Each structure stands twice: as structure tokens, then as C-alpha cells.
Amino acid sequence: MENDNFGNNDQSIFQKLEEIGSGTYGKVYKGKLIKTGQIIAIKKMQIDIENEGIPSTALREITILKELNHENILKIIDVVCEENNLYLLFEYLDYDLQKYMQMALNNELGNFKFTKDIIRSYIYQILDGVSYCHNRKILHRDLKPQNILINKEGKLKIADFGLARTFSLTERPYTKEVLSLWYRAPELLLGTDIYSTAVDIWSIGCIFAEMFLNHPLFLGENEINQLTKIFEIMGTPDKNTFQNLKINNNFTDENFPVYQKKDLKDIICDIDLYGLDLLEKMLDYLPDRRISAKDALNHPYFNEIKKNKI
């Protein structure tokens, strides 16, 4: 267990307690602030001073998170630069959604189960945070269960804005190398580099279904296989749909077998009719027709939540 103290000017700011995760850009630790004792999460990134300097993902995440203040978005507390390392200090939550689902499935959370009401609450909180971002012209671009954090009281916060970016109202190309494969919208898989908020909505739809199923809805092994998995359930798009997706490569409806759309109710048996309607609207092939986060929050599926908030 590590318990080194870190800070600037010989004044310790935080203490690392234990490693709780790692990724492409560094390690994540559980720690605490020396002054207050507050438990925090610490993202450690190495700085290549001679070549790249501070990673662009870190700069982007810091810049964006400093602008955001919402109860369903993870708060950044401080940024500490020391020698060849950059430390991002965040508020700490107990679990990520992927781990929480697995623990519930394995009966490791006592009597806690992913009930319909719990799923409804979690999706509402995700949409609330994403709607706030979209209103401020910010795309998350990497929504997946690992980037959704939850505490023991059921409060949910969206994390990891390393791939997030601001967008403009006018259409312009962005990188296609975003979003984990199982949560990636079909327009991205088909090669478009012109996209907007609808890519986040597709990801939320995938997370929505996964909470009912306890496994991803579309489990592809590579981009082509991912498209096939989507088509097997949602049906192969017709020629007009392919054309409307603004594809920048040679994919057409002739490149894929013709699959008929399946009834999602047969796949996700526990979902109610309002939930099914919302999910269908999130997983619409055409981004322009995909429901917005703002409109989704006003869907009848959330009537009970909205009634209790009044």
C-alpha cells in the first residue's frame, strides 16, 4: 500500500492510500486530502517534458471539468504538478457502474438488486448530466459503465472527460476514434466524421439495455462485427438510411446480410412499455431522429421521478 504525501513547496496536499485502477494514460488511486481528511480519487499521469509535455487528454479534461458544475458530473478538486507527474484530484465515489452491476449479479451487495426503479433513477441521472453538458456544447464521447461512478447512496456521477470536446452548431469533422466499441454509434462505425450529441445518446441507450441484461446489448469483436451485432438486433438499414448516415467510406446495404429488426421486448423482458419506447428512440439509426437528452428527461418513463422532485 502506498501512503506517500504529495504537494508543492514542501507542503503536502494529498496522500495516496491504494491503487484502485489503471488505464492508457496512467493510474488511479484512492487517497485523502491532508488538510481536511476528505477521501478523494487521484488520477496520476506521467509528463513527457522533452517531447509532448502534459497529455492533451489531461488538458482537455481539466479545461472542461473546470467549466462544469452539476450534481451528476464528477467534480475536479485540484491539479498538482510535481516533477514528471501530473495529479488530478477528484471527489471519490465507491464504485463504477460496471463493477456495481457485476457485484449485484454475484450477490455481493447484500439485498441490493438492479430493480426497475433503480435503473430508472440511474438513467435519469445520466441523462441529466449529459443534458447539462450538451446545453454547454460539450460532447462526452466515451460514455460506458466504467465511466459512470456510483456511491452507496445511489448518487451517480459521470466521469472521465479525457475524450470530451466542445462542438459548434455548424457541422464540422471530428475524429472517429472515440467511444468504446460496444457503445459506439453506428454512424461512427460506418465511417462518418461529422457527428454531434446523438453519439452520446446511442451510448446511453446501450447502457440502459445493459442494466437490464447484465451484459452489453451489442457485443462485437471489431468494428465490422460490431455493426453486424447491431444489425442482427436493430435490423439492417435500408439504402436510404445508409445514405442519410453521411458515410465517408464504401459501406452500403449490399455489404451486409439483411437482418429483420427484432422486438427489443423479447430481448429485454423486464423493461416496461415506456422504457421500451425511450430505448427505441435512443437507438434510432438516424442521428437527427435520435431523441435528445433534454427531451428524454421529459419522457413519460420518468413521470414518477419528476412527480417526486416537485
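**Close-up views of the predicted model**

**View 1. Helices H3 and H5 cross in a right-handed way.** This is a predicted model, and the close-up starts with the pair formed by H3, residues 116-135, and H5, residues 198-213. Their axes come within 10 Å and cross at roughly 165 degrees. Since angles over 145 degrees count as roughly antiparallel, that makes H3 roughly antiparallel to H5.

**View 2. Side by side: the residues where H3 meets H5.** On the H3 side, look for Lys116, Ile119, Tyr122, Ile123, Ile126, Leu127, Val130 and His134. Facing them from H5 are Asp200, Ile201, Ile204, Ile207, Phe208, Met211 and Phe212. Sort the residues of this contact by type and you get twelve nonpolar, one polar and two charged.

**View 3. H5 also packs against helix H9.** H9 covers residues 273-282, and its axis runs 8 Å from that of H5, at an angle of about 145 degrees. Here the crossing is left-handed, whereas the one between H3 and H5 is right-handed. H5 brings Ile201, Trp202, Ile204, Gly205, Phe208 and Ala209 to the contact, and H9 brings Gly275, Leu278, Leu279 and Met282. The tally for this contact is eight nonpolar, two polar and no charged.

**View 4. Lysine 43, a buried lysine in strand E4.** E4 is made up of residues 39-46. Is lysine 43 buried or exposed? Its relative accessibility is 15%, so lysine 43 counts as buried, the cut-off being under 20%. The side chain of lysine 43 makes a polar contact of 3.0 Å with the side chain of glutamate 61. Leaving out neighbours within four places in sequence, the residues in contact with lysine 43 are Lys27, Val28, Glu61, Leu86, Tyr87, Leu88, Phe90 and Asp160.

View 5. With a relative accessible area of 19%, isoleucine 305 is buried, since the limit is under 20%. Isoleucine 305 and arginine 120 are 185 residues apart in sequence, yet their C-alpha atoms are 8.4 Å apart in space.

Notes. Residues are numbered from 1 along each chain as its sequence is written. This is a predicted model: local features need pLDDT of at least 70, side-chain atom pairs count only at pLDDT 80 or more; totals for chains, interfaces and linings use all residues. Side-chain values use heavy atoms; hydrogens and water are left out. Axes are lines fitted to C-alpha atoms, for helices over the stretch in contact, and angles run from 0 to 180 degrees between N-to-C directions. Helices (H or I, at least four residues) and strands (E, at least two) are DSSP runs, numbered from the N terminus. Angles under 35 degrees count as roughly parallel, over 145 as roughly antiparallel, 65 to 115 as roughly perpendicular and the rest as oblique. A crossing is left-handed if the near helix is turned anticlockwise from the far one by less than a right angle, and right-handed if clockwise. Contact means heavy atoms within 4.5 Å. Ala, Val, Leu, Ile, Met, Phe, Trp, Tyr, Cys and Pro count as nonpolar, Asp, Glu, Lys and Arg as charged, and the others, Gly among them, as polar. Buried means under 20% relative accessible area, exposed over 50%, partly exposed in between (1.4 Å probe, protein chains only). A polar contact is a pair of N or O atoms within 3.5 Å; within protein, one must be able to donate a hydrogen and the other to accept it, and residues adjacent in sequence count only if both atoms are side-chain atoms.
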